2 protein chains.
Amino acid sequence: MKDAGVDHVEAVFVGNMIATEATGQGHLGPLLAGELGCGPVECVSINAACASGAAAVRQAYLAVASGQYRTVLAVGLEKMTSLDRSSLTRLLATAADAELEVANSATFLALNALLMQRYMHEYHVNRTSFHPFVRVAHDNALRNPHARLQESVSLESYLQARMIADPIGLYDCCPTGDGAAAVVLGRDLPARGAVVITGSSSASDSLSLQERRNPLWLHAAEESCRSALSQANRCLGEIDLLEPHDAFTVMVALSLEACGFAERGRGTEFARDEGIGLRGRLPICTAGGLKARGHPVGATGVYQVIEAALQLRGEAGANQVPGAAVAMTQSFGGTAATVITHVLERC
Amino acid sequence: MKDAGVDHVEAVFVGNMIATEATGQGHLGPLLAGELGCGPVECVSINAACASGAAAVRQAYLAVASGQYRTVLAVGLEKMTSLDRSSLTRLLATAADAELEVANSATFLALNALLMQRYMHEYHVNRTSFHPFVRVAHDNALRNPHARLQESVSLESYLQARMIADPIGLYDCCPTGDGAAAVVLGRDLPARGAVVITGSSSASDSLSLQERRNPLWLHAAEESCRSALSQANRCLGEIDLLEPHDAFTVMVALSLEACGFAERGRGTEFARDEGIGLRGRLPICTAGGLKARGHPVGATGVYQVIEAALQLRGEAGANQVPGAAVAMTQSFGGTAATVITHVLERC
């Protein structure tokens, strides 16, 4: 709020996935509004699994667009470190289909492993092909003091790391953690470094992978990206940077393909040849991504929007993408059953 | 959707409180949209504790008001019967303050018992005074085949019923259960019996009772009611019926007072003298209320809106309020830490 130059907000939208179980606190809106001294404002929690933070930003966006509010706060938060590993695994799996997937012992990790296995089989790529996603995220994180993992990952380390769920190795997964983030959205905010959301779209796909015609095609990502670009009146070539939902490396490849940045089956090739580093054709994960900045679920979608805003304001420090004017963020809930895409632009 | 005359919706907003724990299914939006065959539409879950259903209606309202959508679906749902009693008590308590209330062993019931005790002490009323709220809700439920409890409750039965948490007796509490409800909101819906939301407002109060200057004054109910009436350009005297959040009898008295229907401390007197039955000055709980229709948490706020719509359409059957033209619904999350008020009118 200080950064935005406002001392009052008219509503608070909170993105969160598992606080009810993780902390015994399910009614987060009034708690936050009370602690922040916001007065008797509207406040509500939004749950879209791992896309909860982005969903809070989007509901805040709709609330401002509705004309009922001029200035609102979108908060993403998650507390995960108080849970033991099996509780956390169980709770993260509530993002998947309880009857078709979880009842058959599929964890969230297992579902992504199946996707990666299938990807490698269908498109004839090996694990080495996914290394650029890891390298770039970790390199960017090294220059971000807020990132959780501060280490570079060589191809050798990547390939030799412990296997978690074949073919997903340790470095194919993002770390969870505690985290929180907030953005102010509004009409006519004080001018300093304001950024405009020119596209906002949320789309869905069947909750379970098995109900999809082709599990390697993220229909919701395609639809949500297409709609957000159309609202913004932009084409893919105008996007200067992308914050993808890189919870697992295979998801970055699938996201690039569904959005149309890369051809089908060529997401890893795009990363290798076109460049996803800060000076590449499409810089991604400029703050370290879910992969190395970390993935406190409810906070993540808000982190993405903040990083995009910092880039557009030219305040991204050592990770600044030169001349960034148009940014895209894309957040996934479950195995992309919910996908929320935002296009942000410099004023 | 059939009733609304639409075969397609552009977004689905789901109100739910505890499905993640009660069913292991936390990602309800895509599940519902998929089962309903809605296509890749936006879908998101809203949690505002016991006001979750009303919050879903409100987010749907904001989404239509934003101009992004013409036709959306608001769904409220809860599955509670699969939980044992202690799990349910624990989960319902996540609507209260985990650190200030629940950590001190306050259940949700206990907090309401403290409020009722304080009410009786401050305002010099006895338990008998609360009987009209029970009598009216149960009488209306007797004429509603969808109501959960189908029995009339005499003053004698009310007073002699088992004490649950002094002074809350069995008939002061609403029953939980499984339930679901849905409404279609939109611009330019097919004309048949359409109803207009002329006021929609959500307000909050401190999460814990102990942080409130006067726990007997529901500040969020006052604020939310005032704002909804102002949007609708209506005064209290024009409200033909009210659906209050009668989870506990004391909450009806406090709601009537905070909204201004009754003077401070005179909610029970209002019920006795002015009439809250179908032909009284302010009919309430016309479908049986939370008290007797039942309170499947996430569904309740949507039930309220549906009952208001049926009344305005003249389709409320044996419980029809003659000439109903303006209705108000009010839904509470926690001990009215979240309050959502809607004003609905006949076209």
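Mentor: Two strands count as paired if DSSP finds at least two bridges between them. What follows refers to a predicted model.

In chain A, four strands form an open sheet with mixed pairing, in the order β7-β10-β9-β8. The edges are held by β7 (195–204) and β8 (241–243) of chain A; each has a single partner strand, so one side of each has no neighbour in the sheet. On average, neighbouring strands of this sheet are turned by 15 degrees against each other, direction ignored. Inside that order, β9 (residues 326–333) and β10 (residues 338–346) of chain A are joined by eight bridges and pair in the antiparallel sense. In this pairing A:Gly333 is opposite A:Thr338 of β10(A).

Two helices of chain A contact these strands. Helix α12 (residues 297–312) of chain A packs on the sheet and touches β7, β8, β9 and β10 of chain A. The direction of α12 makes about 175 degrees with that of β9(A). Helix α8 (residues 219–232) of chain A lies across β7, β9 and β10 of chain A, and runs at about 150 degrees to β7(A).

Now to another strand of chain A, β3 (residues 71–78). Eight of the eight residues of β3(A) are buried, so the strand is largely enclosed by the rest of the structure. In a regular strand, side chains alternate between the two faces of the sheet. For β3(A), A:Thr71, A:Leu73, A:Val75 and A:Leu77 point one way, while A:Val72, A:Ala74, A:Gly76 and A:Glu78 point the other way, and all are buried. Strand β1 (residues 11–15) of chain A runs parallel to β3(A), with four bridges between them; here A:Val14 is opposite A:Val75. Strand β6 (residues 179–186) of chain A pairs with β3(A) in the antiparallel sense over eight bridges, and A:Glu78 stands opposite A:Gly179 of β6(A).

A:Ala74 also belongs to the largest nonpolar core, which has 251 residues. A:Ala74 is among the residues with the most contacts inside that core, as are A:Val12, A:Val302, B:Val12, B:Ala74 and B:Val302. In chain B, the core draws at least three residues from each of domain 1 (11–83 + 180–186) and domain 2 (94–174 + 194–346). Leaving aside residues up to four places away in sequence, B:Ala74 touches B:Phe13, B:Ala56, B:Val57, B:Ala60, B:Ala182, B:Val183, B:Leu185 and B:Val302.

Between the chains, 50 residues of chain B are in contact with 51 residues of chain A. On the chain B side, β2(B) gives the most, with six residues. That side divides into 22 nonpolar, 22 polar and six charged residues. Strand β2 (residues 42–47) of chain A is joined to β2(B) by three bridges, and the two run antiparallel. One bridge pair is A:Ser45 with B:Asn47.

B:Cys235 sits in the loop between α8 and β8 (241–243) of chain B. B:Cys235 has 10 C-beta neighbours inside 10 Å and therefore counts as exposed, the cut-off being 12 or fewer. B:Cys235 lies 37 Å from B:Gly29, C-alpha to C-alpha, and the two are 206 residues apart in sequence.

Note on methods: Residues numbered from 1 in each chain as written. Chains lettered and ligands numbered in written order. Predicted model: local features only at pLDDT ≥ 70, side-chain atom pairs only at ≥ 80, totals over all residues. Core = buried A, V, L, I, M, F, W, Y, C linked by C-beta atoms within 7 Å. Buried ≥ 20, exposed ≤ 12 C-beta atoms within 10 Å, placed from the backbone. Domains from an automatic or database assignment. Contact = placed C-beta atoms within 7 Å. Nonpolar A, V, L, I, M, F, W, Y, C, P; charged D, E, K, R; others polar. Axes fitted to C-alpha atoms, helices over the stretch in contact; angles between N-to-C directions.
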